[in-house]
Amino acid sequence: MTWTKPIYLLALGVMLIPKMWNLQGKDAMIAPRGSTMAGEVSATPIKVDRLDAAADQIIPAGAKLERVASGFTWTEGPIWTQGALYFADIPANSIHKWTPGGVSTFLKPSGYKGSSPYGGPEPGSNGMTVDARGRLTVAGHAQRNIYRLESLSPNALITVLADSYQGKQFSSPNDLVYKSDGSLYFTDPPYGLRTQKDNDPDKRLKINGVYRIPHALEQKPGAEPVRGELQLLISNLTRPNGIAFSPDEKYLYVSNSEPMKIWMRYRVKADGTLTEPKLLYDATADKRPGSPDGVKVDEQGNLYGAGPGGVWIFSPEGKPLATILTTEKVANLAWAGPDRKTLYITASSSIYRVHLNIAGAPLIRGH
């Protein structure tokens, strides 16, 4: 999703910082402006636009929307792994780590690595996931590739899984999801380019595609991408963005941010390619802040997606059930907790969470 202006919300009350943090180094604790750190979670009764009675099976009565951290610029790409939430602040070119003890900078830079100023609004990385072996995999966005950390460390060996299609550099890989066979699917709109437009002078591919890396899981650490195997699956979306599988992997969901604000569904064939595109829902007429962006599914196949006004919830068939309303523009989502019933939400300057009734689907089927 594209970011235009920083939106800052001040944490309620006064934040007390027990010590001065050393802000040097990748793992330094940070206290961004307006931060809400552990022990100072801001909770408010959740506001929901209920569109169907089925929403009551998902959202508990008396649910609270909790803000656990704030003071960032444009948060994205959340992933819960090894007891922590990792997320990107794209304009800050950083990946941060949140735990109940606070926020630290895990990786900086996470996207653009040039020596001169980037010159665009989104120099950082974007969406993240983990593979079946627990390795963090990142949509490089302004780095214009897909990369994997071979261990959960800022000093880990980095393996580039994909960087081009038919000899032409990607625009800015945005979000990604693994299938249980070890293949990796990802979207490539131009939001990480300096102008974020299709006529950007650095744009090499005319399309904004959805791609598949057939053997991503098995790519050897440090090895070059197997560029000849990369598959272009979708080429007719203007701004493909969020991406997720249904729990049984029979369908792939892809959101499109603009100008049409839509969610699409594709049937996944046995060979991993896609067929039977279906318009799941069109929210183009909704003028509230936000657009279709990151998506996730729960164990029952309901789809959750960033969209106008907050977090949209759909039935597997695309029937809108509810919108969790937020005061900040939502970018992406992640399931967390031992029961996967906590939904973390990256929204503009902040990180939110809400506890729901239905568990999120595992990131990878069978894991």
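Visitor: Is strand S26 mostly covered or mostly open?
Guide: In this predicted model, strand S26, which spans residues 320-325, is mostly covered, with five of its six residues buried.

Visitor: And which way does S3 pair with S26?
Guide: Strand S3, made up of residues 48-50, pairs with S26 in the antiparallel sense over three bridges, and within that pairing Val48 stands opposite Ile324 of S26.

Visitor: How many bridges are there between S25 and S26?
Guide: There are five bridges between strand S25 (residues 310-314) and S26, again in the antiparallel sense, and here Phe314 stands opposite Pro320 of S26.

Visitor: What about the hairpin of S25 and S26, which residue takes a positive phi there?
Guide: That is Gly318, whose phi is positive and near 100°, in a hairpin that has five residues between the strands S25 and S26.

Visitor: Switching topic: what is the order of the strands in the open sheet that has S20 and S21?
Guide: The order is S19-S20-S21-S22, so four strands make up this open sheet, and their pairing is antiparallel.

Visitor: Which are the edge strands?
Guide: The edges are strand S19 (240-245) and strand S22 (274-282), each of which pairs on one side only. On average, neighbouring strands of this sheet are turned by 25° against each other, with direction ignored.

Visitor: What joins S19 to S20?
Guide: Four bridges join S19 to strand S20, residues 251-256, and the two run antiparallel, while Phe245 stands opposite Leu252 in S20.

Technical notes. Residues are numbered from 1 along each chain as its sequence is written. This is a predicted model: local features need pLDDT of at least 70, side-chain atom pairs count only at pLDDT 80 or more; totals for chains, interfaces and linings use all residues. Side-chain values use heavy atoms; hydrogens and water are left out. Buried means under 20% relative accessible area, exposed over 50%, partly exposed in between (1.4 Å probe, protein chains only). Two strands pair if DSSP finds at least two bridges between them. Axes are lines fitted to C-alpha atoms, for helices over the stretch in contact, and angles run from 0 to 180 degrees between N-to-C directions.
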